[in-house]
Amino acid sequence: ELLAAQSQAVGQKADNLAAALKGENKTLGNWGELVLERMLEVSGLQKDRDFDLQVSAAGGDGRRFQPDAVVRLPEGRCIVVDAKMSLKDHADYAAAATAEERADALRRLVASVEAQIKRLAEKRYQDLPAFQDRSPDFVLMFIPSEPAFSLALTAKPALFETAARADVVLAGPGGLLAALRLVALLWRQENQRASLNEVFDAVRKIYEKYVNFAEAMQDIDDHLRKAQAAYQDAYKKLATGDGNLVRQLEKFRKENIIKPKKLPPPAFQDAETENQP
């Protein structure tokens, strides 16, 4: 009896979930947003870094808009993504007992996709001040159910063209994942470029330090040369040039005009001797 009761409860919950996904727009919307978030994460993008969910943006007339996701691109650009899908018509198609019922469900499925394209196009997310000049001139419409997406396109291939004319690009899970993988690749290349720029910047700074150091060494060398020249000039006046000071003073000593208590260093005495005519 307990097993039967539990089985009945599980069955009821499953029925409730199926009914909610087919009929309750809020629940269906939450499911679509959950699938979209999962696709974003699986693609290698990181929330709040590479993409944002439920971004609130104001229109020019003050109305508030809230696309399901905004995928960030390098150089401050972005792509607006919105999940749109009703599973009821697809479920009716799968459960149809006759060809007429199946055809009717298929027509309603295509009409539902067309209506969602129209509603999304009317919102013009790409023209909002928050996204203008940052996003392409289209919005990515994500259909979370690949079977329903494929069925609608098989029934009416012109849906792609219809959406494109309204500046909407259709994407199922497979197409969205491919696009997001491309975005992830762009970010990897951008990060690699940024890393290379950091290396080049570090090398440039080192080179600038080298140039500054070389200039300082050159300045020191110039001052040393000037000091050497000044020293040679002073030494010439003191000991080696004509009429140098050493010769004149030694003349006073030798002629006993003065009697110093001590003599100058030998080098100056030698200098005086070497300069005798």
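Predicted model: local features only at pLDDT ≥ 70, side-chain atom pairs only at ≥ 80, totals over all residues.
1. Starting with the second largest pocket: helix H8 (residues 245-254) gives the most to its lining, with five residues. The lining of the second largest pocket counts 12 residues in total, and Leu-249, Glu-250, Ile-258, Lys-262 and Pro-264 are the ones nearest its centre.

2. Staying with the second largest pocket, the space inside comes to about 180 Å³. Sorted by class, its lining has nine nonpolar and three charged residues, with no polar ones.

3. Now the sheet. Five strands make up an open sheet, ordered S1-S4-S5-S6-S7, and the pairing is mixed. From one strand to the next, the twist averages 25°.

4. S1 and S4 run antiparallel and are joined by three bridges; Phe-51 has Val-71 of S4 as its bridge partner. S4 and S5 are antiparallel too, with four bridges between them, and here Arg-72 stands opposite Cys-78 in S5.

5. Val-139 is found opposite Val-168 in S7.

6. Which strands does H4 touch as it packs on the sheet? The answer is S5 (78-83), S6 and S7, and the direction of H4 makes about 150° with that of S6. Helix H7 (residues 173-240) lies across S4 (69-72), S6 and S7, and runs at about 35° to S4.

7. H4 (residues 99-123) also packs against helix H5 (residues 146-155), at an angle of about 100° and with the axes 9 Å apart. That angle makes H4 roughly perpendicular to H5. On the H4 side the contact is made by Leu-106, Leu-109, Val-110 and Val-113, and on the H5 side by Ala-148, Leu-151, Ala-152 and Ala-155. By class, the contact of H4 with H5 has eight nonpolar residues, with no polar and no charged ones.

Terms used
Residues numbered from 1 in each chain as written. Heavy atoms only, no water. Axes fitted to C-alpha atoms, helices over the stretch in contact; angles between N-to-C directions. Helix = DSSP H or I, 4+ residues; strand = E, 2+ residues; numbered from the N terminus. Parallel < 35°, antiparallel > 145°, perpendicular 65-115°, else oblique. Contact = heavy atoms within 4.5 Å. Nonpolar A, V, L, I, M, F, W, Y, C, P; charged D, E, K, R; others polar. 1 Å grid on protein atoms, 1.4 Å probe; cavity = no way out; pocket = protein on both sides within 12 Å on 5 of 7 lines; lining within 4 Å. Points joined across faces, edges and corners; volume = space filled by probe spheres on them. Pairing = 2+ DSSP bridges.
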